Amino acid sequence: RAIGKDLEPMPGKVWRTGANEATVFAVDKDVKVEGQPLKAGKYGLFTINNGDNWTIIFNKTWNQWGAFNYKEADDALRVNVKGGKAPAFSERMTFKVSNDGTVTLLWGDKTFSFHVE
């Protein structure tokens, strides 16, 4: 099965950035994501694959199944980042978090990163 054709993320569609329940992104203090403020709390992590660019979405409704009940009105923050081709194929979706605050997603041949400070 091909990612973006038979499997999510589908181009231009909101994706829960995982399988089943939405992936939870939690911070215990106020942070900046790509220079934009995000209050301390739990968020559902959603994304939109726009080809070379990705929209990263932090949604206030963190405890939800898939993206079936996703509401844009509940977004706390949206940032756009550059995506690209992963250096190696990743059979399992993987998040890497570096000490400098860079969060990187790898899945199949797709990758994107965003910075948290």
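This is a predicted model: local features need pLDDT of at least 70, side-chain atom pairs count only at pLDDT 80 or more; totals for chains, interfaces and linings use all residues.
Local features were considered at pLDDT of at least 70 and side-chain atom pairs at pLDDT 80 or more, while totals for chains, interfaces and linings use all residues. Residues are numbered from 1 along each chain as its sequence is written, and side-chain values use heavy atoms, with hydrogens and water left out.

The chain contains eight strands and zero helices. Both kinds of element are DSSP runs numbered from the N terminus, with at least four residues (H or I) for helices and at least two (E) for strands. The order along the sequence is β-β-β-β-β-β-β-β. The radius of gyration, 13 Å, is close to the 13 Å given by the globule rule for 117 residues, so the chain is as compact as a globular protein of that length. This radius is taken over C-alpha atoms, and the rule is 2.2 Å times the number of residues to the power 0.38. The C-alpha trace spans about 40 × 35 × 20 Å along its principal axes. Of the 117 residues, 41% are buried, where buried means under 20% relative accessible area, exposed over 50%, and partly exposed in between (1.4 Å probe, protein chains only). Among contacts (heavy atoms within 4.5 Å) with a separation of 6 or more, 47% join residues 24 or more positions apart.

Strand β6 (residues 53-59) pairs with two other strands. Pairing requires that DSSP finds at least two bridges between the strands. Seven bridges connect β6 to strand β5 (residues 41-50) in the antiparallel sense, with Trp 54 of β6 as the bridge partner of Asn 49. Two residues lie between the strands of this hairpin, and Gly 51 there adopts a positive phi near 85 degrees. Strand β7 (residues 75-97) is also antiparallel to β6 and is joined to it by seven bridges; Lys 82 in β7 stands opposite Asn 53. Six of the seven residues of β6 are buried.

The largest nonpolar core comprises 20 residues, and those with the most contacts inside it are Phe 25, Val 33, Leu 38, Ile 56, Phe 58 and Phe 114. Such a core is a set of buried Ala, Val, Leu, Ile, Met, Phe, Trp, Tyr and Cys residues joined through side-chain atoms within 4.5 Å. Two or more residues of this core come from each of β2 (23-27), β3 (31-33), β5, β6, β7 and β8 (102-115). Strand β8 supplies the largest share, five residues. A second, separate core has five residues, among them Ala 22, Ile 48, Ile 57 and Tyr 70.

Phe 25 lies in strand β2 and is buried, with a relative accessible area of 13%. Beyond its neighbours within four places in sequence, Phe 25 is in contact with Leu 38, Gly 41, Lys 42, Tyr 43, Leu 45, Phe 58, Phe 114 and Val 116. The C-alpha atoms of Phe 25 and Leu 38 are 11 Å apart, at a sequence separation of 13 residues. Phe 25 also forms one aromatic cluster with Phe 58 and Phe 114. One of its contacts, Lys 42, has its charged end over the ring of Trp 62, 4.3 Å from the ring centre. The criterion for this arrangement is NZ of Lys or CZ of Arg within 6 Å of the ring centre and within 35 degrees of the ring normal.

The structure holds six aromatic pairs. Rings of Phe, Tyr and Trp (its six-membered ring) pair if their centres lie within 6.5 Å; planes under 30 degrees apart count as stacked, over 60 as edge-to-face and the rest as tilted. The pair of Trp 15 and Trp 107 is stacked, because the ring centres are 5.7 Å apart and the planes are at 15 degrees. Trp 15 in strand β1 (residues 14-15) and Trp 107 in strand β8 are 92 residues apart, and the pair links distant parts of the chain. Trp 15 is buried at 2% relative accessibility, and Trp 107 is buried at 17%.

Most residues other than glycine have a negative phi. Thr 17, in the loop between β1 and β2, has a positive phi of about 55 degrees and is buried, with a relative accessible area of 0%. Glu 34, in the loop between β3 and β4 (36-38), has a positive phi of about 50 degrees and is partly exposed, with a relative accessible area of 37%.
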